[in-house]
Amino acid sequence: QAPVPVRHFLQFKDLSAEELGYLFERTQVIKTHFKQYQPHQTLHDRTLAMVFEKASTRTRVSFEAGMYQLGGSVIHLTTGDSQLGRSEPIEDTARVISRMVDIVMIRTYEQTKIERFASVSRVPVINGLTNEFHPCQILADIFTWIEHRGSIAGKTVAWVGDANNMLYTWLQAGELLGFKVNVSTPPGYAVDLAQAGLGDASHVATFDDPIDACRGADLITTDVWTSMGFEAENDERREAFADWCVDADMMAVAAPDALFMHCLPAHRGEEVTADVIDGPQSVVWDEAENRLHVQKALMEFLLLGKCD
Ligand code: CP
Ligand code: NVA
């Protein structure tokens, strides 16, 4: 089999709309095999190295279980138990690891760090979350939307809360897949559209009042007020974000069949009330499960290209 050219998934827009369409269809096939206990071992003998510089539950379990289910194996590294914690340059780490494994997933701080790793990597690199983006989560979220509601094109997603890695990834997805993103963040925490790296921001609208962002929305989504790496700002953020809690009033002004999403982990009573996240419009457990299926499709695509 001819080698597939090295492709990375460092931000959402690294895949085209056409490739995303393929990926979501393939995810459905892979998920069906999983549910029916049918083996789907397309990555036999391949090895995934995972590098975590921040904590994780979902990303670790979904990538690790996913690679084993595809017939491959996994190596789990953290800053503390690798030479990364003792200042080995990221490029040297990348040169070494990528001569030994077939694919790498990294969760780290600055996006520039994963870009530096990828720039010298011989194998595909996947962003498992940086300060700027969380593209695997948005793959899972959009697949979840498709499962529940069909195409996301032309829909409106309302983002309430912090202008963080999740929001910036939603903004890229909106441009690629043709949906609108209504954004409401507190004063002092405005979205920086330049960070999203958009060609055109005509699909983005900003609102001072979160209720206005939610009016008529098809999907309401939020995330923690304090992301990993920003813990020192926790107290001031709690105060600033108090009115940016997704609650029943916000859900009430959205479309009657609106869904609620949250990448998790969640803080009930902060960014979302318990009645919303545990209520009938919430699909957060499907989102979490779909990390597994969509990342299996992603690893397969990056290593093998399109499969039938
Ligand atoms: N949503 C998400 O990435 O979760 P973890 O931090 O648990 O991996
Ligand atoms: N925005 C959060 C997402 C966690 C999955 C963070 O970066 O901590």
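Where is the place of L264 in the chain? The place of L264 is in the loop between strand 9 and helix 11. Helices (H or I, at least four residues) and strands (E, at least two) are DSSP runs, numbered from the N terminus. The structure is a predicted model: local features need pLDDT of at least 70, side-chain atom pairs count only at pLDDT 80 or more, and totals for chains, interfaces and linings use all residues. Residues are numbered from 1 along each chain as its sequence is written, while chains are lettered from A and ligands numbered from 1 in the order in which they are written.

The chain has 12 helices and nine strands. Its radius of gyration, taken over C-alpha atoms, is 19 Å. The globule rule (2.2 Å times the number of residues to the power 0.38) gives 19 Å for 308 residues, so the chain is as compact as a globular protein of that length. The C-alpha trace spans about 55 × 45 × 35 Å along its principal axes. Of the 308 residues, 48% count as buried. A residue is buried if 20 or more other C-beta atoms lie within 10 Å of its own, exposed if 12 or fewer, and partly exposed in between; C-beta atoms are placed from the backbone. Two residues are in contact if their C-beta atoms, placed from the backbone, lie within 7 Å. Among contacts with a separation of 6 or more, 74% join residues 24 or more positions apart.

Two domains are assigned: domain 1 (12-133 + 290-304) and domain 2 (137-287). Such bounds come from an automatic or database domain assignment. The domain centres, taken over C-alpha atoms, are separated by 25 Å. Each side of the contact is made of 20 residues, from domain 1 and from domain 2. On the side of domain 1 that touches domain 2, helix 1 (17-35) and helix 12 (284-304) each supply at least two residues. Helix 1 gives the largest share of that side, five residues. The domain 1 side divides into 11 nonpolar, four polar and five charged residues. Here Ala, Val, Leu, Ile, Met, Phe, Trp, Tyr, Cys and Pro count as nonpolar, Asp, Glu, Lys and Arg as charged, and the others, Gly among them, as polar.

A residue is near a molecule if its C-beta atom, placed from the backbone, lies within 6 Å of it.

The peptide bond from L264 to P265 is cis, with omega near 5°. P265 also has its place in the loop between strand 9 (259-262) and helix 11 (274-277).

The residues around ligand 2 are L129, H134, N164, N165, M166, D223, V224, S227, M228 and C263. This shell divides into five nonpolar, four polar and one charged. In an unreviewed entry, UniProt lists N165, D223, S227 and M228 for "binding site". These four span 64 residues in sequence, yet no two of their C-alpha atoms are more than 11.6 Å apart, so they gather at one spot. UniProt positions are given in the numbering used here, feature names are shortened, and annotations may be inferred rather than shown by experiment.

D223 sits in the loop between strand 8 (219-222) and helix 9 (234-240). With 26 C-beta neighbours inside 10 Å, D223 counts as buried. Not counting residues up to four places away in sequence, D223 touches G161, D162, N164, M166, H262, C263 and E271. S227 is found in the loop between strand 8 and helix 9. S227 is partly exposed, with 18 other C-beta atoms within 10 Å. Leaving aside neighbours within four places in sequence, S227 is in contact with D162, N164 and N165.

Y37 has a positive phi of about 55° although it is not a glycine. Y37 lies in the loop between helix 1 and strand 1 (47-52). With 6 other C-beta atoms within 10 Å, Y37 is exposed.
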